[in-house]
Amino acid sequence: MTTLLLTPAEAGRAAELLRAGGLVALPTETVYGLGASALNEDAVKRIFEVKGRPQDNPLIVHVAGPEALREWCRDVPETAYRLTARFWPGPLTLVLNCRKTGDPYIPDRVTAGLDTVAMRCPDHPATLAVIREAGIPIAAPSANLSGKPSTTTALHCLHDLTGKVEAVLDGGPCRVGLESTILDLTVDPPRVLRPGGVTLEQLREVLGTVELDPGLVQPGETPKAPGMKYRHYAPAAAVTLVRCRDAEAFRAYGESLPDEGTAVLCWTGEEALFPGKRVLAYGRGDAPETLAANVFAALRELDAPEVKRILVRCPEETGVGLAVVNRLKKAAGGKITCL
Ligand code: TXA
Ligand code: MG
């Protein structure tokens, strides 16, 4: 299959392909999504095949605005609309009860048979235009092969998906750089199932009490978002995630590793500390949003055959840093080395 590369001006063509049951990689403010009509079971099935995604991992449904909650969900609490008023369009996904009667409803293939459905309104003009023009809800996981780092440019999507999908819509690099925050509103108090672009601090401003899913923080607890239990976001090289006091401790640890086969993912300003090694800065340690914006692209850039190990400097878990650490921990097989 030939994969078309579309521009934002061709949103209408993307909508047409989706309505006809095709797969189109779409830009969002978080990461690229691999879209299909959420109402077309065959198209949704193809998403799982193309990505190599486990069947028990449900998809997020992308919609144009809060009115879609009334259409596809039931028993929507008032808090949902308070959140959409503040954060939509934007990197917040809401888990709500799914309407399973009437015609049509979001099929089990999208929700992996759960009673709930994850709903999100992405903040990207081209993709909002596609959703509106298509007039259907769009199911879309991140547009990467399962297990690999998520895609934040059209080029990354082409790398993973050329020949397997109808089109990639190039909307430029993603602003946030990692996935949306998933908030479960079917429990009280609401729970964050995946940290992301909207921070815990921001959610607490609107909701007061918000909990973190125990599966995110307690070893041995199963995460409630099925996708959070898999090893993820991982380049072929082993990732060693290091938490340390200062740049000197990080430098000394790096020095103890062989130059050959070791790459270092550091903060801006630390590049010169590792002579002889391949080094890449992924953002500023005091500005976690810059780390978020670059982390997946950096992991992809260092994913070269000669790189056997990637040493990564871990940020603080405040603000969007919580999401950055969550993704890096997954890439590192769950382990942080504390110096
Ligand atoms: O920013 C994002 O959310 C991106 C862009 C493309 O929108 N999408 C994304 O999708 O990250 P994906 O498929 O890579 O991750 C979706 C996560 C998975 O961990 C999945 O298990 C969880 O959402 N999920 C989906 N439906 C759920 C539900 N009803 N209950 C709990 N978790 C759910
Ligand atoms: Mg994903």
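Select Asp75, which sits in the loop between strand S5 (73-74) and H4. Helices here are DSSP runs of H or I of at least four residues, strands are runs of E of at least two, and both are numbered from the N terminus. Phi of Asp75 is near 50 degrees, a positive value in a residue other than glycine. Asp75 is exposed because its relative accessible area is 57%. Exposed means over 50% relative accessible area, buried means under 20%, and partly exposed lies in between (1.4 Å probe, protein chains only).

This is a predicted model, in which local features need pLDDT of at least 70 and side-chain atom pairs count only at pLDDT 80 or more, while totals for chains, interfaces and linings use all residues. Residues are numbered from 1 along each chain as its sequence is written, chains are lettered from A and ligands numbered from 1 in the order in which they are written, and side-chain values use heavy atoms, with hydrogens and water left out.

With a relative accessible area of 27%, Ala112 is partly exposed.

Now look at two proline sites. Pro89 lies in the loop between helix H4 (78-87) and strand S6 (92-98). The peptide bond joining Trp88 and Pro89 is cis, with omega about -10 degrees. Then select Pro189, in the loop between strand S10 (181-184) and strand S11 (191-194). What is the peptide bond from Asp188 to Pro189? That bond is cis, with omega near -5 degrees.

Select Leu155 in helix H7 (residues 154-161). Is Leu155 buried or exposed? Leu155 has a relative accessible area of 64%, so it is exposed.

Move on to Gly215, in helix H9 (residues 214-217). Gly215 counts as buried, at 15% relative accessibility. Leaving aside neighbours within four places in sequence, Gly215 is in contact (heavy atoms within 4.5 Å) with Glu221, Thr222 and Pro223.

The next stop is the aromatic rings. Rings of Phe, Tyr and Trp (its six-membered ring) pair if their centres lie within 6.5 Å; planes under 30 degrees apart count as stacked, over 60 as edge-to-face and the rest as tilted. By this rule there are 2 aromatic pairs. In one, the rings of Tyr233 and Phe296 have centres 5.3 Å apart and planes at 35 degrees, so the pair is tilted. Tyr233 is in the loop between H9 and strand S13 (238-243), and Phe296 is in helix H11 (residues 288-301), 63 residues apart. Both Tyr233 and Phe296 are buried.

Phe250 and Phe274 form an edge-to-face pair, 5.4 Å centre to centre with 75 degrees between the planes. Phe250 belongs to helix H10 (residues 247-255), and Phe274 to the loop between strand S14 (262-266) and strand S15 (278-281). Phe250 is buried, with a relative accessible area of 0%, and Phe274 is buried at 4%.

Finally, zoom out to the whole protein. The protein has 12 helices and 17 strands. Of its 339 residues, 57% count as buried. Its C-alpha atoms fill a box of roughly 65 × 50 × 30 Å, taken along the principal axes.
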